[in-house]
Amino acid sequence: MAAKPRYHNPVPLNELVSRIVDPVLAKRAGITTSLLQSWDEIVGARLARHSRPEQIKWNRQASNDDAFEPATLVIACEAMAALHIQHETSEIIARINAFLGYAAIGRVKIVQKTISPQPPPVSAKRTLSAKEEQAIADKLVDVSDDGLRDALERLGKNVAASRK
């Protein structure tokens with residue numbers, strides 16, 4: 001008797017990556033991809049642009065009978081955001097603990113570093129007038145390859161729509 005082929009439902013890429021990356025992050029830094037992805041929701045867009053969670057340092061327990069002690073969250077941030085984070089530390093701790101579902105974080109340690117810039121939000125492009133679309137089409141009349149002409153037309157429309 002032959003084994004039946006097994007078919008699996010498609011799985012979103014972020015779930016596959018999380019399954020691979022989360023154990024490594026948990027072992028190395030004590031954090032998960034969900035915390036990194038939700039950072040801007042936790043601290044707000046203003047602070048998230050200039051900071052990121054870097055590590056959760058858990059206190060070592062001598063035995064299983066020792067009382068639970070909350071961890072220290074290490075936040076990497078640029079110099080201009082350090083003061084804001086310091087003033088909002090208690091709010092950040094409360095939000096992270098609410099995100100994690102228990103009082104996991106008790107302290108915050110701020111480390112000043114250069115944070116790579118986040119890409120700017122994509123702005124809505126304006127719609128082109130019929131005259132602008134016709135001007136782009138007129139410039140591409142001599143292009144014989146259909147695929148190339150379509151690609152150039154899309155490029156021209158995107159460039160024109162991004163201009164004000």
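E54 counts as partly exposed, at 23% relative accessibility. Its side chain meets that of R52 in a salt bridge, with 3.4 Å from N to O, and R52 is partly exposed as well, at 31% relative accessibility. Please keep in mind that this is a predicted model.

**Salt bridges**

- The count of salt bridges comes to 7, and the pair of E54 and R52 is one of them.
- Shared partners link some of these bridges: R52, E54 and K113 are joined into one network.
- E91 and R95 are 4 residues apart in helix α6, so about one helical turn separates them.
- E91 is partly exposed at 40% relative accessibility, and R95 is partly exposed at 38%.
- A further salt bridge brings together the side chains of K157 and E153, at 3.4 Å from N to O.
- Both K157 and E153 belong to helix α8, which covers residues 146–162, and they sit 4 residues apart, about one turn of the helix.
- K157 has a relative accessibility of 26% and counts as partly exposed; E153, with a relative accessible area of 24%, is partly exposed too.

**The sheet and the helix across it**

- Three strands make up an open sheet in the order β1-β2-β3, and their pairing is mixed.
- The edges are formed by β1 (51–57) and β3 (105–112), each of which pairs on one side only.
- On average, neighbouring strands of this sheet are turned by 25° against each other, direction ignored.
- Strand β2, residues 71–77, pairs with β1 in the antiparallel sense over 6 bridges.
- Within this part of the sheet, P53 stands opposite I75 of β2.
- Helix α6, residues 89–100, lies across β2 and β3 and runs at about 120° to β3.

**The nonpolar cores**

- In soluble globular proteins, nonpolar side chains tend to be buried together.
- Here the largest nonpolar core has 19 residues.
- Within this core, the residues with the most contacts are W39, V43, L73, I85, I92, I96 and I105.
- At least two residues of this core come from each of α3 (39–43), α4 (45–48), β2, α5 (79–87) and α6.
- The biggest share belongs to β2, which gives 4 residues to this core.

Terms used: Residues numbered from 1 in each chain as written. Predicted model: local features only at pLDDT ≥ 70, side-chain atom pairs only at ≥ 80, totals over all residues. Heavy atoms only, no water. Pairing = 2+ DSSP bridges. Axes fitted to C-alpha atoms, helices over the stretch in contact; angles between N-to-C directions. Contact = heavy atoms within 4.5 Å. Salt bridge = Lys/Arg side-chain N within 4 Å of Asp/Glu carboxyl O. Buried < 20%, exposed > 50% of the residue type's maximum accessible area, 1.4 Å probe, protein only. Core = buried A, V, L, I, M, F, W, Y, C linked by side-chain atoms within 4.5 Å.
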